[in-house]
Structures are given as structure tokens and as C-alpha cells.
Amino acid sequence: MNPVLEIRGLTKHFNAVVAVEDVSFQLGQGELLALIGPNGAGKSTCFNMLMGQLKATAGEVLLAGESITGLKPRQVWRKGVGRTFQITATYASMTVVENVQMALLSHHNEVFSFFRYATRRYRSEALELLDMVNMADQADRHCAVLAYGDLKRMELAIALAHDPKVLLMDEPTAGMAPKERVALMQLTADIVRDKGVSVLFTEHDMDVVFAHSHRIMVLNRGRLIAEGDADYIRNNPTVQEVYLGGGTVFGSEETAHA
Ligand code: ADP
Ligand code: MG
């Protein structure tokens, strides 16, 4: 495997709370890798460290062999680590294609000239990206009227506008209906295959995880406890114990945590 992202001994303590402890893994070129685990396992904390939003207590993050440890979110993003947001950050008053054009302008450092060029700059590139996420037919609609699932697909197009090497998706399908979840992950899988982007994602719908990931890692109480393909994870006694023992059944999100 040719690692795009390499994580070594990543650790985060919040005072006495051990949120993430000595997590090491690699993300391969063109890989769709799932990070799963019960509520409070440390998944979002991992993501936030990878994005530069949280400073790690210890550990190292390498992108294509170069350390990006301790860089600020914008620097990490500039290096080619894209992300989709749990809360969609878009401009409701603009059209779908304008939002993607805005992202392309920002990617090319032209953000301040946007209003002058709004209708022309990068329009064809933006339409191409929208086509990739099956949103070309909605290009000229205003974002304010989009259905949630469509907004999510636009968000994916925006993330792709930055031509990321790695895409981090923390619960990309949160708030979506089961059918929409499957569709969004299928789309992501297609993009991974066609563009060779590498994706690390979390998801609590196990059907989605098992159907679409190339590899799955399980986090529990801040530690990686298992790693393998869908069959291996599904049948792993330790993993079953973590989910069943914790009161969570694969595919539901009912666990309360203090
Ligand atoms: P997950 O995303 O897997 O549900 P999180 O990464 O959000 O888990 O949380 C992991 C643990 O770290 C939890 O015990 C959570 O309460 C704790 N935690 C997360 N963020 C903070 C914070 N800012 N301050 C203190 N504790 C935190
Ligand atoms: Mg989380």
C-alpha cells in the first residue's frame, strides 16, 4: 500500500479524559477507509486533530511523507486535506453553481475578485464538478431551496473544488434518510475510484460502512481495537462485544453517554 496519510501515535487528553490514545494507521492512495466506534470513542477528536483544529497531546501526522503535525486548519487544507462539514457551510443566497465557483476561486486565490466575475469565472469547471455529484441539473437553483441530501452533494462538489489528496468526512450522512445515505456513499465510492482521492470517513449506519468501505478500523475508548475488511469486522468477537456490550446494536445510534 502506498500511504497518502500516515498517523503515528496520535493522542489527545482533555485533562483527565483520554479521548484518543496512541492511534496509528495509514490511508492508502485511492482508499475508502472507515473509522467506526461507539459514541464517545474518539472519532471526531481524531478528525479534528487531522484537520488541525485540535492540537494533539502527542503523535505525528504525515501527508505524502511530509509532516503536517501542528499546522493550522487552513494550512492543512492548503496541503490537500479537504473535508466536508457536519454543518454545511454554504451561501444560501447564491445558486448551486455559484457556490462551487466560489470554492474554485478560493482554491485559485481569487476570492476577492469573485463579485466582479461571478457569472463567468470557473463556471464550466464548476458544472463539471456538479456533474460528478449528479447535481448538474440543479446548477442554477438557489441553495436555500435545496433538499438536505442535495445540499450534501453540493458540499461534496465544493470539497472537490480544492482538488484534495485526502478527504475527511466526519459523519457525512448525518441527518439523511437511509436511502440518501447509501446514495451519497455510493457517489463517494465512485469519486474515489474515478479521481483516486483517498477518503477517511465515520458513519454509524453499519450497512453503509460494510457496503462501501475498502477497510474498516474500530475505535473504542480512544484506542484502535480492530482493523480489517467488512467480513472480518462483522465477525470479530471484540467488535461485537464493544457494540452489543455497550448497548448499541450495529446500525442504530441509541447509546447515551455521559
Ligand atoms: P466520537 O466522535 O467518537 O463520538 P469524540 O471524539 O467526540 O467521540 O469524544 C471522545 C471523548 O472525548 C468523549 O469522552 C468526549 O466527551 C471527550 N471530549 C471530546 N471533546 C472534548 C473537549 N473539547 N473537552 C473535553 N472532553 C472532550
Ligand atoms: Mg463524533
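This is a predicted model: local features need pLDDT of at least 70, side-chain atom pairs count only at pLDDT 80 or more; totals for chains, interfaces and linings use all residues.
User: Let's start with α3 and α6. Which residues do they span, and at what angle do they cross?
Analyst: Helix α3 covers residues 96–107, and helix α6 covers residues 148–161. Their axes cross at roughly 20 degrees and come within 8 Å. Angles under 35 degrees count as roughly parallel, so α3 is roughly parallel to α6.

User: Is that crossing right-handed or left-handed?
Analyst: Right-handed, as α3 passes α6.

User: Which residues in α3 and α6 meet?
Analyst: From α3, they are Val96, Asn99, Val100, Ala103, Leu104 and His107. From α6, they are Met154, Ala157, Ile158 and Ala161. By class, this contact has eight nonpolar residues, two polar and no charged.

User: Now α5. Where is that helix, and how does α3 pack with it?
Analyst: Helix α5 runs over residues 123–132. It packs with α3 at an angle of about 110 degrees, and the axes are 9 Å apart. Angles from 65 to 115 degrees count as roughly perpendicular, so that is the word for α3 and α5. Their crossing is right-handed.

User: What does each helix bring to that contact?
Analyst: α3 brings Val96, Val97, Val100, Gln101 and Leu104. α5 brings Arg123, Glu125, Ala126, Leu127, Leu129 and Leu130. Here the classes are eight nonpolar, one polar and two charged.

User: What about α5 and α6? At what angle do they cross?
Analyst: Roughly 130 degrees, with the axes coming within 9 Å. The pair α5 and α6 is therefore oblique. α5 passes α6 in a right-handed crossing.

User: Which residues touch there?
Analyst: Leu129, Leu130 and Met132 of α5 meet Ala157, Leu160 and Ala161 of α6. Six of the residues in this contact are nonpolar, with no polar and no charged ones.

User: Switching topic. Which residues are around ligand 1?
Analyst: Phe14, Ala19 and Pro38 are among them. The list also includes Asn39, Gly40, Ala41, Gly42, Lys43, Ser44 and Thr45.

User: How far is a ligand oxygen from the backbone of Gly40?
Analyst: An oxygen atom of ligand 1 is 2.8 Å from a polar backbone atom of Gly40. For Gly42, a polar backbone atom is 2.9 Å from a ligand oxygen.

Notes
Residues are numbered from 1 along each chain as its sequence is written. Chains are lettered from A and ligands numbered from 1 in the order in which they are written. Side-chain values use heavy atoms; hydrogens and water are left out. Axes are lines fitted to C-alpha atoms, for helices over the stretch in contact, and angles run from 0 to 180 degrees between N-to-C directions. Helices (H or I, at least four residues) and strands (E, at least two) are DSSP runs, numbered from the N terminus. Angles under 35 degrees count as roughly parallel, over 145 as roughly antiparallel, 65 to 115 as roughly perpendicular and the rest as oblique. A crossing is left-handed if the near helix is turned anticlockwise from the far one by less than a right angle, and right-handed if clockwise. Contact means heavy atoms within 4.5 Å. Ala, Val, Leu, Ile, Met, Phe, Trp, Tyr, Cys and Pro count as nonpolar, Asp, Glu, Lys and Arg as charged, and the others, Gly among them, as polar. A residue is near a molecule or strand if one of its heavy atoms lies within 4 Å of it. A polar contact is a pair of N or O atoms within 3.5 Å; within protein, one must be able to donate a hydrogen and the other to accept it, and residues adjacent in sequence count only if both atoms are side-chain atoms.
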